[in-house]
Amino acid sequence: MCGIVGYIGKKEKKSILLDGLKELEYRGYDSAGIAIIEKDGLKHFKAVGKLKNLRDKTKNYSSSGFGVAIGHTRWATHGKPTELNAHPHLGEYSFVVHNGIIENYQEIKDELEKMGVTFLSQTDTETIVHLFEKNNSDFKNPFNSFKQTVSKLNGAYAILLITEAEPESIFFAKSGSPLLIGFNEEDEIYFASSDTPIIGKATEVYYLEDGEYGYAKKGEVKLFDSSGIEKKILKKPLPTDKKMAQKDGFRFFMEKEIYEQSQVMNDCMIGRVLDDRVEFEELDKSLFENINSIKICACGTSYHSALTGAYLFERLAKIPTQVEIASEFRYKEPLLQRDTLFITISQSGETADTLEALKMANRAGLKTLTICNVDNSSIVRESGSAILTRAGIEKGVASTKAFATQTMVLWLLSLYIAELKGNISKDRLNRELNAVRKVPKVLIVTDRLHDKIHRLSKRYLHGHGFFFIGRDIFFPLALEGALKLKEISYLHAEGYPAGEMKHGPIALADSELFTIALMPKSLHYDKIKSNVEELSARDATILAISPEEFELADDFIRTKYSSHAMLEFFEMMVITQLLALEVSIRLGNDVDMPRNLAKSVTVE
Ligand code: M6R
């Protein structure tokens, strides 16, 4: 949640900050702000809403000469999306930007208010800058004051602070929220909450660990660990390719990402799908020794891929598998056993609930594995082992290609474990691998299909709700189809196991209830057909997605006959994604940045 950038150097700082924030805008777009200290003193600007508003507001300003600068794009947690609540937050002579949540802010705020400090915003962040200035009035040493301030904070944070008391420095600290420092040969220093804003600007990067803090000034960065010991900064080279982050002529990133799925699936499979087996070079086979069950923890779309994975693990690898929503898992006092492999799934690798679930599993001594799209993310770093999904940067808030590649990795992993444990015949493994190889082709979006969904979408812009229904692996796909639609259309949508409708939800059926029926031919076709007939008998409007003509359907999207359920799964996945996209576009919504959401949920 939220995005942070910082810069120290001679270049024009406003554009560096705004360009950097543009790369992070998908993380939150309730408001944005920048603060700069240069030779003429301290300047700041804030604007509510998308970054464009801040760009307009600052169009007549440009910085000059050496200086320090920080910026922020916000996804509101404490206080409404107003200008006063926008970062950077100001004290008397300092500014702070923060990503995360300060859990004990009220306590600190109460104390400061008793001392006469006036707060302007409703945010937790503002306490940081006032506490810093209070400490500095006692210590008369900005860095020691910052250190003291950080030591008083509980919760999750990535913080950048600038102050006229030391106008050439940026103070920084990280705990639980991502933060990195970028370096280049021109002695410039960059900060950001992920690497995209600094690609092309910095050549090397350091990803801060939890508990680290320090200061940066021209050509110098000092880093300390949580016990105050100075640390050597081990820089890594920064990737230079930003091509994947452009829209390439598509109307929205989400649309581009749906079309990219075929290609990224190839990338995901390279070196993993061999002639007669699956290989994961990144895994040590000992990871699966003495493992008798699997638990998968994730949120949102990643949770849906986890549910799909559980069917595959049990069916193919014959290993008992449970799936849990990370935010529930954290507080249920779970019983964790050492013979369970704990898997987390996350596109961003920064989801706070998933990260905390993983830490719990690590503390309990379980072997941990993550399936993630972002290398060097917090979850990858925290996990014992990691498989990268190789989906490339996903910018649309509604996840598409990340889900597709997560599901593929889970399918491959189930085959890998099945073979390792001797639970699959050669013949079955070959049949599975043959199907796996066909997936990239199934994911190609044809003009015919897209046009059909575009035309059909105009009939689905109203009504009192959508039910996506499916059975077996098509139940998680139904959940995912419904989540996609609700995220970007703001229409009410539910995913349901088709056989469960008669246990309650069927009471809602009438002509204004839209049922999107996932009716694969290769898996329980007759069962789902009966469930859809029950809905049709109650006058529900049915959009059937199936290779088999279904006479009771009001609308019909024909899919190919496939012998393997996973091929039908991926084909129907694309259809549900395109349907959500087209409905959202017709409703005039911002597909890539839907209201109230953010790409990376780094608060619990
Ligand atoms: O980055 P993660 O995969 O951990 O994110 C989990 C969810 O926040 C995410 O999948 C969310 O549900 C997406 N907006 C779905 O489109």
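A salt bridge is counted here when a side-chain nitrogen of Lys or Arg lies within 4 Å of a carboxyl oxygen of Asp or Glu. Please keep in mind that what you see is a predicted model. On that criterion, a search of the whole structure gives 34 salt bridges.

Let me take one example. The side chains of K395 and E23 form a salt bridge, with an N to O distance of 3.1 Å. Which parts of the chain does this pair link? K395 sits in the loop between β20 (385–388) and α12 (401–420), whereas E23 belongs to helix α1 (residues 13–24). The pair thus joins distant parts of the chain, 372 residues apart. In general terms, side chains of opposite charge can pair when their charged atoms come close.

I turn now to the domains. The protein is divided into domain 1 (3–246), domain 2 (271–439) and domain 3 (447–586). Between domain 2 and domain 3, the C-alpha centres are 27 Å apart. To their contact, domain 2 contributes 21 residues and domain 3 contributes 18 residues.

Which element supplies the largest share of the positive patch? That is helix α14 (residues 447–457), with 3 residues; R455 is placed in this helix.

Finally, the backbone. Most residues other than glycine have a negative phi, and most peptide bonds are trans. Two places depart from this pattern. H87 and P88 are joined by a cis peptide bond, with omega about -5°; P88 is in the loop between β4 (67–74) and β5 (89–90). N290, a residue other than glycine, has a positive phi near 60°, and N290 lies in the loop between α7 (261–269) and β16 (293–298).

How values were computed
Residues are numbered from 1 along each chain as its sequence is written. This is a predicted model: local features need pLDDT of at least 70, side-chain atom pairs count only at pLDDT 80 or more; totals for chains, interfaces and linings use all residues. Side-chain values use heavy atoms; hydrogens and water are left out. Helices (H or I, at least four residues) and strands (E, at least two) are DSSP runs, numbered from the N terminus. Domain bounds come from an automatic or database domain assignment. Contact means heavy atoms within 4.5 Å.
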